[in-house]
Amino acid sequence: MGKQDRVPGRRLGVASVAMLVLGALLGCVGGLGGYFFMPTKVIPSDHMRPTLTTGSSVVFNLLTVKVNRGDVVLFDASAWGEQHQSVERVVAVGGDHIAYTPGDRTLTLNGKPLDEPYVLNGDPVAGSPGPFSVTVPKGRLFVLGDNRGNSADSRFRFQDSESGTVPLSDVNGALVDQGDPLLVGLRSAALAGLAVLCAGALFGAVALRLRRRAAAAAAVHPAYAGLVPPPGG
């Protein structure tokens with residue numbers, strides 16, 4: 001057996017370095033993906049009931065590259081003259097025709113009644129200020145709250161922006177379920193990385209202590225340093 005193999009704590013030291021590197025990688029990937037790019041937001045109002053209630057914590061994927069009808073999105077409301085982020089549901093995308101005629105029980109999308117099972121009390125036209133007929137411009141979105149009776153959405157924004165819509169480029173993220181496999185996996189990786197880092201640090205501390213004890217013993221009796229054979233060896 002070589003001298004290096006007999007260095008006290010050497011294997012623990014190697015394991016410590018490996019665990020610290022692995023923990024850092026897991027922590028960075030899981031932390032950035034699961035917490036930075038998929039942050040938790042608190043809903044400040046009830047305009048998205050019953051889907052999202054006031055004070056509920058929800059997660060948005062900030063790396064969303066495609067927005068579809070029905071998605072709940074987080075977007076910059078500057079197109080409506082407001083300096084904050086808002087949350088609404090996309091009901092029409094560029095090229096769609098969305099309309100409402102007083103007396104109808106639903107909105108129409110591209111000439112057909114729009115089924116919206118997610119709206120509060122099953123009333124998709126509640127609170128509508130009047131008729132509208134909008135062909136959504138390319139690259140823009142027509143968005144509404146699920147609590148139609150209490151949502152200052154695209155229906156009320158015709159004076160603020162083009163057809164009451166918001167630019168697709170202003171969308172910052174899309175709602176994801178708390179049980180989404182990618183979200184769970186990334187956040188679990190972050191926690192696992194933290195645990196591995198702690199274990200690596202502990203292994204390193206033990207390895208360092210073993211080396212110091214060996215060095216102290218060698219100072220008293222050189223045979224313990226593993227450099228000369230012990231008496232009678």
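Which residues point one way from strand 9, and which the other way? The model is predicted, so local features were taken only at pLDDT of at least 70 and side-chain atom pairs only at pLDDT 80 or more, whereas totals for chains, interfaces and linings use all residues. Residues are numbered from 1 along each chain as its sequence is written, and side-chain values use heavy atoms, with hydrogens and water left out.

Arg140, Phe142 and Leu144 point one way from strand 9, while Leu141 and Val143 point the other way. Strands here are DSSP runs of E of at least two residues, numbered from the N terminus. Buried denotes under 20% relative accessible area, exposed over 50%, and partly exposed in between, with a 1.4 Å probe and protein chains only. Five of the five residues of strand 9 (residues 140-144) are buried, and the strand is therefore largely enclosed by the rest of the structure.

Zero disulfides are present in the structure, a disulfide being a pair of cysteine sulfur atoms within 2.5 Å. The cysteine sulfur closest to that of Cys28 belongs to Cys198 and lies 14 Å away, which is too far for a bond. Cys198 is likewise in no disulfide. Because its relative accessibility is 48%, Cys198 counts as partly exposed.

How values were computed: Helices (H or I, at least four residues) and strands (E, at least two) are DSSP runs, numbered from the N terminus.
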